[in-house]
Amino acid sequence: MARLQINGATHEVDVPEDMPLLWVLRDVIGLTGTKFGCGIAQCGACTAHVDGKAVRSCVTRVGTVADRGITTIEGIGATPHGRALQNAWLSLQVPQCGYCQPGQIMSAAALLSEVGSPSDAQIDAAMAGNLCRCCTYVRIRKAIKQAAASQATAQRT
Amino acid sequence: MNARVSRRHFLRTGAVGAALVLGFRLYAARPASAETSTAGLAQFTPNAFIRIDSEGGIVLVVDKCEVGQGVYTSLPMLLAEELDADLDQVAIVPSPPNEQLYADPILHLQATGNSTSVRSSWTELRRAGAAARQMLIAAAAAEWRVDPSQCRTERATVIHDGTRRQLGYGALAAAATQQPVPQDPQLKQAEQFKQIGKSPLRVDLPGKVDGAAQYGFDVRLPGMLFATIASSPTFGGKLNSLDDNPARSIKGVRNVVRIGGQGFDVGGYKLHLDDAVAVVAENTWAAQQGLAALEPAWDRGPNAHLGMDDVVRALEAASDRGGLVARHNGDVDKALSTAATRLEARNYMPFLAHAAMEPLSCVADAREDSCEIWTATQVQARAQGIAAQVAGLPPEKVTLHNLISGGAFGRRLELDGIALAVAISKQSGAPVKLVFTREQDIRHDLYRPFYHDRLRAGLDASGKLVAWHHRIVGPSIFARWAPQALRSDGLDPDAVDGAIQMPYAFPNLLVEYVREEPPAIPTAFWRGVGSTHNAWVIESFVDEIAAVAKQDPVQFRRDLLGHAPRALAVLNLAAEKSRWDKALPPRSGRGIALAYAFDTYLATVVEVTLSGAGLVTLQRVVCAVDCGSIVHPDSAIAQIEGGTLFGLSAALWNEVTVRNGRVEQGNFNDYRTIRIDETPEVEVHLVSSREAPGGLGETGTVAAAPALANAIFSATGYRVRQLPIIKSIEELKRRA
């Protein structure tokens, strides 16, 4: 039995300790916004946060994240970075099929919590683990910058 | 339901409750089903529906699958424009399976593909909206006893300014059904458009940024189990024996099933499923653990030693045969024999997997007397058909819930996931979600064909192109997928697509097709279909001819165009915006490709730099596009941006290879796909036009590979004849 803190709520789950967080979120708890893409940490579709850091939930054993603060795409909108990114994603109409975008937004939110105003190179470095087969990368770059700028504006005012 | 058939194009099906139901069609009737015959619609079976209920709810049945191209927004915009309703007043429902009602007029099949969605709907949906609007106005005018011409509409309301009266469409719905159906509803002129040509927020996007969007992969049902699957590692292998116990001893595993080993025929569409083993469990992880614990004894079968040499040798041998003539102008042999300069080339294009971000998935609940499926499919009626065959039920007992797709690129034109999920559910006595691992998704895909092309060209003494001979050698997808689409002599129109309708005016031209099927490896449509293959071959060879003729690639193409003003315009626009004549640093190059595909004209310029190790860096991409009238410009740009990068990614790195009868690649570590740090700036310039719309979902992909290959030639002098480009790394390193 593991106790998980997900998006501010507590979940008690009876699963093996080596079960990846991804499948606990999706199949056991029912939070399906976190996606499966590869199972080997190559695509980033499963990105979630543990204590504010981006992790690939497909290779994160649930036993290692008990009682730590887990945030998923369903909860990221409650954070200022997450909300700003979602707004920018909509304003620039980033998604096409959309399947990878929860992972993209989670990686971007982790980036913005480290770097307030990332450069292209910092964006590329932080986001290179997130694949998009629709290839929406040009807009992802713009959206991260727009979200960062909107937060800078919000802080000044 | 009682229906009266109008004299010509439209029909009125009368009031259903207090709803105005308007069907419409503009194309020749196909044989009606029993279902539609009993409704009295035999001759004018509609292919889409508007429904306006007394509450004012406006519903459009969308007959296309939302795969990311934006049809859940663009198609309702067409309707809303002519109906004078705002987009937020139009609800959409995915169409049920029904070949008679929803066959695409270009594809003659209920299908999303070949970039037809807007092309097929452009006139039909606007006429539907206009006809409904006219009937609603007539109903209001009758009630107010005013002249309909004095009424106007906005935001789903009929307004009579003279008497300051207004009624919403919902209040008028019942009365409108009593109005005659307009025979030829007046459509707006382009300058009257209020919605078409704007870029409202796509309706599917809010759910795609907060995790709420539901894909097939996300469906959850009470009592649902989770399944994962492993098919025979070799093509055509058989399952000799299997000990279930190692899987069943894992906590959460509920069932181990043997499936596959059979063929299907759904209205001419053929699919063979190799033997497979699936593990069904309480969650995906347990199912995957169970599958990993199994050691199935596979008979490797007749293809146990199959390798790429076998495939390539067979294609090369076939290339010495004469082919079916797809197009022939003038006298190519004579022109070649008298040409001052002759060129020849052989090109090779690899097998490719689709590798959509959402691996194949399907939820099925197969019961004794019914079957429900939840998935994303590009072919709804066929999906219902194959589920019915597997479930052993008549098609009408199968309910399809068609969901948005996490990418498709042609993958969901196939039905293997649905057939497997229904079989597993049936054997397990429970609703089951089948999810492919990425390895199963790549190793048991149906692949973009490996093509071999041979080309010959002749130039006269002045460097003018006088002869063009293109022989295409490869499999026929249509022979399996829709044999009725083949020409009577077996010519596959997809295999020669883009090769027989080039924008160029060649005086002597011969295009041939030699069908050669690879042993055992199933082939399927892939983004850009025939045009993606042929544009690479043709635009690479045109570029080569220009180089031999010592002419600038853009000017050489201009001179070849003859009377093709739209092609010329995009060529010139791409050259201008890319600053074609501006010098580049060493080891850098620019390449251009021009394409006419899916009724769209596109010119793409790619700029690259090579490292000393021969690695290619994409520096800049400029696309000029004339796709006629544009419904949602921002989505048009997005499709070209993404489609171009998709094509560049495949051209640089992607191939599926077979060794000892098995696919060698399995995941994104060995099936490489472009990442953000490899992505250049992409500029898309749209030409303003009022021509009929062209397709956009695949068009960007078409011009990508040749523009890249030509840029590499410009940078290094090395002519790429084989994709992916990474295979030429040693040569590029030597020249860099």
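This is a predicted model: local features need pLDDT of at least 70, side-chain atom pairs count only at pLDDT 80 or more; totals for chains, interfaces and linings use all residues.

Biologist: Which residues have the most contacts inside the largest nonpolar core?

Modeller: A nonpolar core is a set of buried Ala, Val, Leu, Ile, Met, Phe, Trp, Tyr and Cys residues joined through side-chain atoms within 4.5 Å, where buried means under 20% relative accessible area, exposed over 50% and partly exposed in between, with a 1.4 Å probe and protein chains only. In soluble globular proteins, nonpolar side chains tend to be buried together. The largest such core here has 270 residues, and those with the most contacts inside it are B:Trp468 and B:Leu708.

Biologist: Which helix of chain B gives the most to this core?

Modeller: Helices are DSSP runs of H or I with at least four residues, strands are runs of E with at least two, and both are numbered from the N terminus. With 11 residues, the one that gives the most is helix 4 (residues 117-144) of chain B.

Biologist: How much area do chain B and chain A bury between them?

Modeller: Contact means heavy atoms within 4.5 Å, and this contact takes 63 residues from chain B and 51 residues from chain A. Buried area is the accessible area, with a 1.4 Å probe, that two parts lose on being put together, summed over both. With 57% of it on carbon and sulfur atoms, the area is about 4,700 Å².

Biologist: Is B:Arg145 buried or exposed?

Modeller: B:Arg145 lies in the loop between helix 4 and strand 7 (151-154) of chain B, and has a positive phi of about 55° although it is not a glycine. Because its relative accessible area is 77%, B:Arg145 is exposed.

Biologist: And is B:Phe598 buried or exposed?

Modeller: B:Phe598 also has a positive phi of about 55° without being a glycine, and its place is in the loop between strand 26 (588-597) and strand 27 (600-610) of chain B. Because its relative accessibility is 6%, B:Phe598 counts as buried.

Technical notes
Residues are numbered from 1 along each chain as its sequence is written. Chains are lettered from A and ligands numbered from 1 in the order in which they are written. Side-chain values use heavy atoms; hydrogens and water are left out.
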